[in-house]
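The following note sets out some points on the structure shown below.

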Amino acid sequence: MVTATDRELMMEEALWNPGDIAWMLTATAFVLFMTPGLALFYGGMVRSKNVLSVLMQNFWCMGIITIVWIVAGYSIAFGGGGSPFLGGVDHLFLNGIAVDYGSAHLPEAVNVVFQLAFAVITPALITGAFAERMKFSAFAIFVAVWSLLVYSPLAHWVWDVGNGFLNKWGVLDFAGGTVIHVNAGVAALVAAIIIGKRKGWPKPGFRPHNLTMTLLGTGILWFGWMGFNAGSAGSASPQAVNAFLVTQVSAATGAVVWAIVEWIKDGKPTTLGVASGGVAALVGITPAAGFVDVQSALIIGATCGVLCYFAIGLKSKLGYDDSLDVVGVHMVGGIIGGLLTGLLADAAIGGTAGGLAQMGKQAVGLGVGIVWSAVLTTIILLAIKYTIGLRVTEEDEERGLDLSLHSEEGYSFAELGATSTASSLVTSSTSTSGG
Amino acid sequence: MKLVTAIVKPHKLGDVKDSLQGMGVTGMTVTEVKGFGRQRGHTEVYRGTEYQVDLVPKIKLEVLVDVMDVDRAVKAISDAARTGSVGDGKLWVTDIDAVTRIRTGEIGPDAI
């Protein structure tokens with residue numbers, strides 16, 4: 001039993017910083033809110049018959065990745081000691097962490113849960129690439145295995161301070177440009193190619209069904225990203241303040257610039273344009289937030305707004321069906337942000353001076369991430385493809401995944417045919433009626 | 001007895017309804033429908049990709065009237081629904097054999 005006096009003594013002896021703990025737990029909640037935001041962002045862009053399947057994939061990530069992370073993911077990424085290439089097994093099942101009263105300014109459990117939120121959203125980002133056609137069983141296996149085999153090692157290389165080989169070599173990735181966005185974006189490209197096009201694509205008929213939902217999701221992502229980037233300072237510090245400021249500046253710039261580009265090119269500024277530009281620029285500032293100043297944030301935001309707009313056009317030219325543009329926004333935005341972080345880093349902000357040498361290091365770090373993600377994602381997806389299969393049947397795809405995979409419908413405004421009787425409620429476990 | 005069926009622009013429904021009520025029509029049925037005529041559809045652009053949308057939203061309005069009221073009803077609807085631009089819609093008149101008011105059992109013109 002720890003008494004109040006004991007606790008005060010422990011706090012004096014330990015170097016806990018209540019301000020840091022308070023901010024980091026707050027930031028963690030911000031980041032946890034991003035995955036439901038992403039679900040709405042993506043959900044609005046698919047056809048109405050698939051909206052729930054997209055929400056389900058994202059919420060499933062919140063569940064399964066949490067479990068995977070505490071069982072083994074955290075230990076592989078931040079296992080303490082280990083090698084430059086893999087963390088250790090010391091923290092499997094969070095062994096030794098859950099009741100940590102160590103002497104650091106933050107209990108390690110804070111890092112566990114903050115990093116957990118990042119681990120959850122990364123595979124969730126990939127869902128935009130294979131939306132509207134993937135079997136749920138294949139998806140469930142894919143994200144769990146991918147998180148362990150692809151995400152955790154890369155997080156170790158880049159973020160495990162003093163251990164990971166890219167970290168030691170000086171590659172900068174403040175909040176996850178390479179580890180999260182490029183990683184997910186490359187996996188998305190591989191997934192879009194291996195799983196194949198949606199039936200009928202690119203013929204007309206793939207319009208977003210509810211952009212109000214997408215815009216709300218964008219707002220939630222934008223809000224959560226403040227915790228994502230400013231929390232990556234790991235403390236309630238001036239660096240966190242800088243990250244917060246440049247994140248807002250970059251996102252705002254990207255939203256406006258993207259809309260202006262399409263205004264000039266396509267004739268009208270669109271809501272999906274400001275949403276896409278904002279998210280692309282948030283991706284771009286992610287690796288840079290703790291290293292660059294506000295002027296650089298303007299440059300990063302504007303560059304992402306322009307280049308990601310054009311990158312999105314690649315899929316129809318090259319013929320891969322990345323349903324919701326994960327490649328154009330996250331892979332391309334992450335690469336731009338990673339390179340510009342190296343060029344524009346300011347020693348007064350994050351301790352590293354930018355320049356061509358640092359940009360070269362960034363390119364190597366990005367290259368390692370790209371190759372790693374591409375190779376491992378290919379292996380995992382092919383293994384699933386040739387065992388249980390990746391795609392739903394053509395019939396299920398046409399019917400919509402909401403009904404065929406989940407026996408639900410996102411929208412049942414009309415009451416016709418929606419009547420259910422008491423007996424059917426009790427007995428029909430496999431019923432497909434309703435809605 | 002006649003059935004007047006009109007396809008009009010959705011934002012003109014209020015004007016058409018007021019106009020019909022003004023001439024003494026006491027009931028109507030309105031349905032949200034989609035279709036196209038000479039107006040064709042419209043173009044939507046999402047992330048730089050253009051989509052041609054052929055079927056645009058319209059309102060279908062059905063009114064039962066007595067023979068002697070039919071011309072006035074047609075005029076009331078067309079005057080209220082007209083904007084002068086393509087896509088104003090269409091209306092047509094069909095003969096009706098029998099009408100029954102379900103509550104009272106009245107039949108014929110009394111049931112309108």
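1. Ile264(A) is exposed, because its relative accessibility is 72% (exposed means over 50%, buried under 20%, with a 1.4 Å probe and protein chains only). The residue belongs to helix α10 of chain A, residues 238-266 (helices are DSSP runs of H or I with at least four residues, numbered from the N terminus).

2. The model is predicted: local features need pLDDT of at least 70, side-chain atom pairs count only at pLDDT 80 or more, and totals for chains, interfaces and linings use all residues. Residues are numbered from 1 along each chain as written, chains are lettered from A and ligands numbered from 1 in written order, and side-chain values use heavy atoms, without hydrogens and water.

3. Together with Val256(A), Ile260(A) and Trp263(A), Ile264(A) forms a nonpolar surface patch with about 450 Å² of accessible area.

4. Gln57(A), by contrast, is buried at 5% relative accessible area, and sits in helix α4 of chain A, residues 51-78. Beyond its neighbours within four places in sequence, Gln57(A) contacts Thr127(A), Phe130(A), Met134(A), Phe136(A) and Phe139(A) (heavy atoms within 4.5 Å). Its C-alpha atom is separated by 20 Å from that of Leu382(A), 325 residues away along the chain.

5. The largest pocket holds about 610 Å³ of space. Of its 25 lining residues, Trp159(A), Val161(A), Asn167(A), Phe174(A) and Ser232(A) lie nearest the centre. Helices α5 (108-126) and α6 (136-159) of chain A each supply at least two lining residues, and α5(A) gives the most, with five.

Conventions:
Patch = residues over 30% accessible without salt bridge, like charges linked within 9 Å, V, L, I, M, F, W, Y side chains within 5 Å. Areas by Shrake-Rupley, 256 points an atom, 1.4 Å probe, with all protein chains shown as cover. Salt bridge = Lys/Arg side-chain N within 4 Å of Asp/Glu carboxyl O. 1 Å grid on protein atoms, 1.4 Å probe; cavity = no way out; pocket = protein on both sides within 12 Å on 5 of 7 lines; lining within 4 Å. Points joined across faces, edges and corners; volume = space filled by probe spheres on them.
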